[in-house]
Amino acid sequence: MPDADHTLLCFDYGLKKIGVAIGNTLTGLARPLTILRPVTKAERFTQIEALLNEWQPDALVVGLPLTLTGEEQYASLRCRRFANQLHGRYALTVHLVDERGSSLEAQALLANNDDDDAVAAAVILQRWLDHHE
């Protein structure tokens with residue numbers, strides 16, 4: 001994928017909020033896009049579908065929460081399930097990326113305690129872009 005111009009959307013998945021970022025393989029840069037706050041599963045996928053229709057990504061990235069030692073945990077299973085649902089519903093490639101430390105990095109970038117979910121998604125997507133040049 002890195003040899004061409006591809007758009008990617010990244011999701012920092014949470015039960016109450018989903019941070020979303022957008023990036024491009026041509027520029028190699030990711031940026032925060034929005035924070036989704038769906039109340040129901042149906043609302044979650046309605047909001048995601050609207051973003052997919054607007055941005056027409058070539059692939060998706062989902063942050064995978066691991067323990068400090070790199071092991072999977074309960075939250076990892078939820079994110080894997082979410083990634084599988086995205087792939088199944090929209091037939092797009094979904095890449096899982098280790099998200100350890102992304103929220104702390106986002107908070108440092110923001111220098112405050114505001115909602116950091118979209119910035120964390122940009123950090124996760126930037127990691128993917130940096131390793132797939």
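Contact here means heavy atoms within 4.5 Å. The model is predicted, so local features need pLDDT of at least 70 and side-chain atom pairs count only at pLDDT 80 or more, while totals for chains, interfaces and linings use all residues. Residues are numbered from 1 along each chain as its sequence is written, and side-chain values use heavy atoms, with hydrogens and water left out.

Gln85 is part of helix H2 (helices are DSSP runs of H or I with at least four residues, strands runs of E with at least two, numbered from the N terminus). Not counting residues up to four places away in sequence, Gln85 touches Lys41, Arg44 and Phe45. Gln85 counts as buried because its relative accessibility is 16% (buried is under 20% relative accessible area, exposed over 50%, partly exposed in between, with a 1.4 Å probe and protein chains only).

The aromatic rings come next. Rings of Phe, Tyr and Trp (its six-membered ring) pair if their centres lie within 6.5 Å; planes under 30 degrees apart count as stacked, over 60 as edge-to-face and the rest as tilted. By this rule there are 3 aromatic pairs. Tyr13 and Phe82 are stacked, because their ring centres are 4.4 Å apart and their planes at 20°. This pair links distant parts of the chain, 69 residues apart: Tyr13 is in the loop between S1 and S2, and Phe82 in helix H2. Tyr13 is buried at 12% relative accessibility, and Phe82 is buried at 0%. One aromatic cluster is formed by Phe11, Tyr13, Phe45 and Phe82.
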